[in-house]
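Welcome, and please open your viewer. We will take a short walk with a few stops, selecting as we go.

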Amino acid sequence: MNKSVVIVEDNKDLLQQLVELLGTASDIKCVGAFATGEEALKKIPKLAPDVVLMDIKLPGMSGIQCVAELKKMLPKLRIIMVTVYEDSERIFKALKAGAIGYLLKSSHSQQILDAVRDAAGGGAPMSSHIASKVVEHFHLVGSSNEKTKKLSAREEQVLNLLCGGYVYKEIADKMNIKVTTVRYFVQNACLKLHVRTRIEAVVKHQAQTT
């Protein structure tokens with residue numbers, strides 16, 4: 001039975017390349033291709049594909065936001081993030097939102113096709129680089145036996161916004177504070193959570209609140 005796939009990608013050239021790539025596989029059928037998260041939210045529930053290939057940075061609604069909304073409507077939907085980004089913060093945001101796999105846009109054609117097949121079969125395809133980061137940070141979260149201090153309401157708010165994909169300037173604007181104050185809250189949160197970087201703070205905060 002063919003595995004049905006939808007692509008969500010705003011780069012027209014890449015979108016066409018992915019459509020053509022899927023068309024080369026006899027066991028995979030592309031049933032939809034959309035350039036925005038908003039359009040994907042309207043069309044994907046009706047198409048009910050086996051797998052979605054989702055860009056992480058879309059105009060308007062982000063890929064991560066789109067994943068979260070789609071999973072509310074289709075909890076069993078298998079979504080793979082296809083992106084140029086390799087940083088750990090984006091990895092955990094995507095996975096927490098409901099993505100089950102994460103591939104780089106530089107992945108070879110065969111890797112992408114294999115990932116679709118793996119995801120449709122219940123697997124969680126990731127590039128080896130991404131997988132190693134996931135393992136590393138989950139180990140990090142569980143590595144400290146030190147008792148963490150309670151975060152202040154403002155520190156929690158900053159971490160929650162970082163989890164939501166906002167950068168320091170956007171957080172400062174939302175909270176009506178200075179960027180230096182945002183950094184101060186992040187530094188305090190790192191000290192209380194016994195971690196070294198904001199990435200580690202975000203990961204540990206997510207682990208403690210889920």
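A crossing of two helices is called left-handed if the near helix is turned anticlockwise from the far one by less than a right angle, and right-handed if clockwise. Keep that in mind for the first stop, and bear in mind that this is a predicted model.

**Stop one: a helix pair.** Select residues 153–163, which form helix 7, and residues 168–175, which form helix 8. Their axes are 10 Å apart and meet at an angle of about 130 degrees, which makes helix 7 oblique to helix 8. Which hand does the crossing of helix 7 and helix 8 have? This crossing is right-handed.

Now show side chains at the contact. From helix 7, pick Arg154, Gln157, Val158, Leu161 and Leu162; from helix 8, pick Tyr168, Ile171, Lys174 and Met175. Sorted by class, the contact has six nonpolar, one polar and two charged residues.

**Stop two: an aromatic pair.** The structure holds one such pair. Select Tyr184 and Phe185: their ring centres are 6.0 Å apart and their planes are at 55 degrees, so the pair is tilted. Colour by accessibility and compare the partners. Tyr184 counts as partly exposed, at 45% relative accessibility, whereas Phe185 is buried, with a relative accessible area of 13%.

**Stop three: a lysine in helix 2.** Move to residues 37–47, helix 2, and select Lys43 within that helix.

Key:
Residues numbered from 1 in each chain as written. Predicted model: local features only at pLDDT ≥ 70, side-chain atom pairs only at ≥ 80, totals over all residues. Heavy atoms only, no water. Axes fitted to C-alpha atoms, helices over the stretch in contact; angles between N-to-C directions. Helix = DSSP H or I, 4+ residues; strand = E, 2+ residues; numbered from the N terminus. Parallel < 35°, antiparallel > 145°, perpendicular 65-115°, else oblique. Contact = heavy atoms within 4.5 Å. Nonpolar A, V, L, I, M, F, W, Y, C, P; charged D, E, K, R; others polar. Phe/Tyr/Trp six-rings, centres within 6.5 Å; stacked < 30°, edge-to-face > 60°. Buried < 20%, exposed > 50% of the residue type's maximum accessible area, 1.4 Å probe, protein only.
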